[in-house]
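Please open the model in your viewer and keep the selection panel at hand. The tour below goes from stop to stop, saying at each one what to select and what is found there.

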2 protein chains.
Amino acid sequence: MFRDISAFHDWFADRSRANAYRVARTPLDQLDGWHFDAETNLVHRSGRFYSIEGLEVVTDHREVESWTQPIIRQPEIGILGILVKEFDGVPHCLMQAKMEPGNINMIQLSPTVQATRSNYMRVHQGNAVPYLEYFVAPRRGRVVFDALQSEQGSWFLNKRNRNMIVEVADEVELLEDFRWLTFDQLGELLREDNLVNMDSRTVLSGLPFLSWPGGSPGLDGRAAHPAEELLSWFTEARSRYRLDRRVLPLAQVGGWVRDAEVIRHESNRYFTVVGVDVQASNREVSSWSQPMIKPSDRGVIAFLSRWIDGVFHVLVQARTEAGTSDVVEMSPTVNCIPSNYRGSPVAQRPRYLDQVLMAPASSVLLDVVHSEEGGRFYHAENRYLVVETDEAFPPEVPEDFVWMTPEQLVGFVRYGNYVNVAARCLLTCMNVGHRVPEPV
Amino acid sequence: MFRDISAFHDWFADRSRANAYRVARTPLDQLDGWHFDAETNLVHRSGRFYSIEGLEVVTDHREVESWTQPIIRQPEIGILGILVKEFDGVPHCLMQAKMEPGNINMIQLSPTVQATRSNYMRVHQGNAVPYLEYFVAPRRGRVVFDALQSEQGSWFLNKRNRNMIVEVADEVELLEDFRWLTFDQLGELLREDNLVNMDSRTVLSGLPFLSWPGGSPGLDGRAAHPAEELLSWFTEARSRYRLDRRVLPLAQVGGWVRDAEVIRHESNRYFTVVGVDVQASNREVSSWSQPMIKPSDRGVIAFLSRWIDGVFHVLVQARTEAGTSDVVEMSPTVNCIPSNYRGSPVAQRPRYLDQVLMAPASSVLLDVVHSEEGGRFYHAENRYLVVETDEAFPPEVPEDFVWMTPEQLVGFVRYGNYVNVAARCLLTCMNVGHRVPEPV
């Protein structure tokens, strides 16, 4: 436990010093254990972990009708789990100072357990995953939240992880990279850039269920739209649009260039597949190599917000990405890398991007930079924003958008496959980070 | 409106007499408009509607580890919709006397709209679908229930339809094959064999939301397991099991025989693909031919039930079928064709089948025979049962099963992709059919 945030920072700096990490960029052709197979996909010699393959996408729900791109395939389901325990009546989360090769600042604050299936089945013969026994059956403790959730659809094909929150009453052994933090402390840390990692943020989006036992929060009458209207809006989007995908050999992915170093788009936009050699003194294995996705620039993940009849609402988008498993998911109002659209005609820029980027400072309710998963994504940063709309903003929105309360959105998080990772992470910044004002 | 059920039956008999129907079995090789393509799949010359293809299934969650079978592929999403309107304060459903070639009794009671995408896009140049305008945007009326729901996973690959209930206040023109029925009248008719069709039953499983406005019913404290435990049980099953499918040319489906007449399993078990020539005076087109799936025998769809602390519970199974889109769905306790297991060792018979088939009459709370979709399935009957367990039944159940209240199960129906068609249809027989006793 920490008496204040500066005590946390002392511990966190200490954990950083206590271990030695080294991440070096390496050409893909020289990546130990990885090679391009007969189909030209980038695979591990064990056939496990994940692979970089090609994907052809045909859809009537994006800026262009079809495209090809490299994509990560990792069909297995990992576990992202946070252990919660009360001390003196105050719930605390067991968080981990964890190194990931793609992390900005190298170590970030992770869930209690953040394990791929390969990790916890110990495919790579590494150390056991600490605290895993709280998250696999038979479990001690009470499961508060347990849902399969999608990850970045632009970079992952149909990828999902199991997000879990488990509450325990028993004594829990405290290992040196782990500490108990209150929700208030996590809220403070979520306002710092690149500290609370993506895995923590997505799991914490299920947190409200701790305080709403047995109930489904927010599906209530004060919102602009009752739950059945939101469900119908979403069903309509899933039914109306088309998303057809075909996995291709990487060599058949048009518009992308593979050289000895990397795989990149010929325009240098979107992202690059890079290789890294990693050394770490406190991971399951002490050194390894892996390919990663390095986005071309910092992205924007933003909700436009609005008070409707005294109730705070955010503007949710039904969005299709290359890797979305079921056509659309509920997404933030804006979710893109703005510089990909530099020079594009206004009509081809993502809807509402300008409202977000040009908002006056007085309308910005939340503005923080966080990293995406450092185990697969290299220095992938997004600016998380909540921007209040003004009187001039038209209340009617296009059919792909709908106003809902954050509580309604959290209600959908519970069922999995509804809310995308960007929206879940932004929800956590709002709900745990406490930056959204009370009703006026 | 009908003053009583005998008035309904008079009208229904009249509708049956008013139209001329003829369904004749025809060899698959002579099915007008259909042929076996280069991949030996059975397809329509337009490339539309649906096709009969082959499927290889590998799973660790069924009686055998892998098998191949013919399966229907129909990727498009149809609409099954019921219009509801109050007359003198009593809600009524607009139901249709509709002929389908596979129906026992030829006509059954259907939803207001029961249309494939081909139907409502008018691919076959037929008549417009009546009342469709109430179910496609922009709609008059209030959407009460709107979810994408799976259909028979043993016979359909990843098939789903949009289930909708829309409430209107305006005057609605009444066409001659349509009548308004109260829920009580539908409840009575659900107790008759082969009358209320599958499409009506699945849509009506969303009905309880009419009486629980804005709320999620049944996720409450009186049940044996709170909602978060049920969600976790389900997430566990979706994560634990494997379901890999590969579409095959029909000729590569081992164990199945194709002759000039039909496609059948060499054991004559499971189902047969048959052809029919159809004539009907009141359908979108007056005659057509189509392949259908004819199950080998009548099936059983049954819940075991139990009172737990004064609350009625049913035993729900996490079940995998060949065509299940996401590994498992919530299913009745038992869902099979018993004669497929004739002569099998007890250990290979479906769990709890004997408890259902050998239950004393005094334990049988519900027992009615209904048909599955007559547009794709030929004389496909299931016996729908709810069987109360006795004191001797062990309260602990295997990990694929869990006790939940019917209200909790209805809560999951709302979100789609959770509850399979058998469980939804059986729920409707219980909830609308009023056959389950009040607490003692």
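A residue is called buried when its relative accessible area is under 20% and exposed when the value is over 50%, with partly exposed in between. Keep in mind throughout that this is a predicted model.

With those cut-offs in hand, select A:H379, which sits in the loop between β22 (364-371) and β23 of chain A. Because its relative accessible area is 38%, A:H379 counts as partly exposed.

Next, select the peptide bond from A:A137 to A:P138, which is cis with an omega of about -10°; A:P138 belongs to the loop between α2 (117-120) and β10 (142-150) of chain A. In chain B, the bond joining B:A137 and B:P138 is cis too, with omega near -5°, and B:P138 lies in the loop between α2 (117-120) and β10 of that chain.

Now display both chains together and turn to the interface. Here 29 residues of chain B are in contact with 28 residues of chain A, and the two chains bury about 2700 Å² between them, 44% of it on carbon and sulfur atoms. How many salt bridges does the rule find across the interface of chain B and chain A? There are 10, and one to select is that of A:E228 with B:R142, whose closest N and O atoms are 3.3 Å apart. The elements of chain B that give two or more residues to the side touching chain A are β10 (142-150), β11 (160-167) and α5 (227-240). Of these, α5(B) supplies the largest share, with 8 residues. Coloured by class, the side of chain B that touches chain A shows 12 nonpolar, 5 polar and 12 charged residues.

For the aromatic residues, select A:W233, A:F234, A:F412, A:Y415 and A:Y418 along with B:W233, B:F234, B:F412, B:Y415 and B:Y418, which form one aromatic cluster. Over all chains, a search of the whole structure finds 43 aromatic pairs. One of them, A:Y352 with A:F393, is tilted, at 5.5 Å centre to centre and 40° between the planes. This pair links distant parts of the chain, 41 residues apart, with A:Y352 in the loop between β21 (334-336) and α7 (353-357) and A:F393 in the loop between β23 (381-388) and β24 (401-404) of chain A. A:Y352 is buried at a relative accessible area of 5%, and A:F393 is buried at 7%. Going on to chain B, select B:W256 and B:F271, a tilted pair with 4.8 Å between centres and 40° between the planes.

Finish with two helices of chain A. In helix α8 (residues 406-413), 7 of the 8 residues are buried, among them A:Q408 and A:F412. Helix α9 (residues 421-431) is also mostly covered, with 10 of its 11 residues buried, including A:R424 and A:C425.

How values were computed. Residues are numbered from 1 along each chain as its sequence is written. Chains are lettered from A and ligands numbered from 1 in the order in which they are written. This is a predicted model: local features need pLDDT of at least 70, side-chain atom pairs count only at pLDDT 80 or more; totals for chains, interfaces and linings use all residues. Side-chain values use heavy atoms; hydrogens and water are left out. Contact means heavy atoms within 4.5 Å. Buried area is the accessible area (1.4 Å probe) that two parts lose on being put together, summed over both. A salt bridge is a side-chain nitrogen of Lys or Arg within 4 Å of a carboxyl oxygen of Asp or Glu. Helices (H or I, at least four residues) and strands (E, at least two) are DSSP runs, numbered from the N terminus. Ala, Val, Leu, Ile, Met, Phe, Trp, Tyr, Cys and Pro count as nonpolar, Asp, Glu, Lys and Arg as charged, and the others, Gly among them, as polar. Buried means under 20% relative accessible area, exposed over 50%, partly exposed in between (1.4 Å probe, protein chains only). Rings of Phe, Tyr and Trp (its six-membered ring) pair if their centres lie within 6.5 Å; planes under 30 degrees apart count as stacked, over 60 as edge-to-face and the rest as tilted.
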